[in-house]
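We start with charged pairs and then move on to backbone angles and strands.

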Amino acid sequence: MRCAWAARWLVVAVCLGCGNGSPFDYVPVSGTLTYEDGTPISAGGIELQFFAQDAKPVNGAHARPAGTKVDASGNFVNVTSYKYGDGLVLGKHKVSIDYATDAKGKLLVPKEYTHGGTTPLIVEITEDSAEAPLEIKVPRP
């Protein structure tokens, strides 16, 4: 009897480990971050943060902010919301650009782009976003 009870809980524990653990569907996202003229914003350590704007709560859960690192060529991959590289939920997302400074500490993007509450950057994620990389363009400061 005790073995059957333990086996049942083992099956439950394994099943809980299956899937991504989030009630949301995600679209894998990659892309580039450049200035409006197409020049990559080349500095190590830049990160993008994505904040879902119109994702409705599911069973009381809200879509998590997502993030990714930008390489020196302005490329980003493996945008992560819940598990590494899962992507973004469908809909609009505000995008903030973090750690966008040169070696002297000068901002490489306008200040309002560095905070989720003030950034004017918005991207829309659709089911086709996995096939079409995002192109995020910002003005020079």
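## Salt bridges

In this predicted model, Arg140 and Asp37 form a salt bridge, and their closest N and O atoms are 3.5 Å apart. The term stands for a side-chain nitrogen of Lys or Arg within 4 Å of a carboxyl oxygen of Asp or Glu. Arg140 sits in the segment after β7 (134-138) and Asp37 in the loop between β1 (31-35) and β2 (47-52), so this contact ties together parts that are 103 residues apart in sequence. Strands here are DSSP runs of E, at least two residues in length, numbered from the N terminus. Arg140 is partly exposed at 47% relative accessibility, while Asp37 is exposed at 55%. For these labels, exposed means over 50% relative accessible area, buried means under 20%, and partly exposed lies in between, with a 1.4 Å probe and protein chains only.

How many salt bridges does a search of the whole structure find? The search gives 2. Lys69 and Glu47 also form one, with their closest N and O atoms 2.9 Å apart. This pair links distant parts of the chain, as Lys69 belongs to strand β3 (residues 66-69) and Glu47 to strand β2, 22 residues apart. Lys69 is exposed, at 58% relative accessible area.

## Positive phi angles

Most residues other than glycine have a negative phi. Asn59 has a positive value, near 50°. You will find Asn59 in the loop between β2 and β3, where it is exposed at 80% relative accessibility.

Asn78 also carries a positive phi, near 55°. Its place is the loop between β4 (75-76) and β5 (91-98). With a relative accessible area of 34%, Asn78 counts as partly exposed.

## A three-stranded sheet

Now to the strands: β4, β1 and β7 make an open sheet of 3 strands in the order β4-β1-β7, with mixed pairing. Two strands count as paired if DSSP finds at least two bridges between them. Which strands form the edges? They are β4 and β7, each pairing on one side only.

β1 and β7 run parallel and are joined by 5 bridges. Within this sheet, Leu33 stands opposite Ile136 in β7.

## Reading the values

Residues are numbered from 1 along each chain as its sequence is written, and side-chain values use heavy atoms, with hydrogens and water left out. Because the model is predicted, local features need pLDDT of at least 70 and side-chain atom pairs count only at pLDDT 80 or more, whereas totals for chains, interfaces and linings use all residues.

Note on methods
Helix = DSSP H or I, 4+ residues; strand = E, 2+ residues; numbered from the N terminus.
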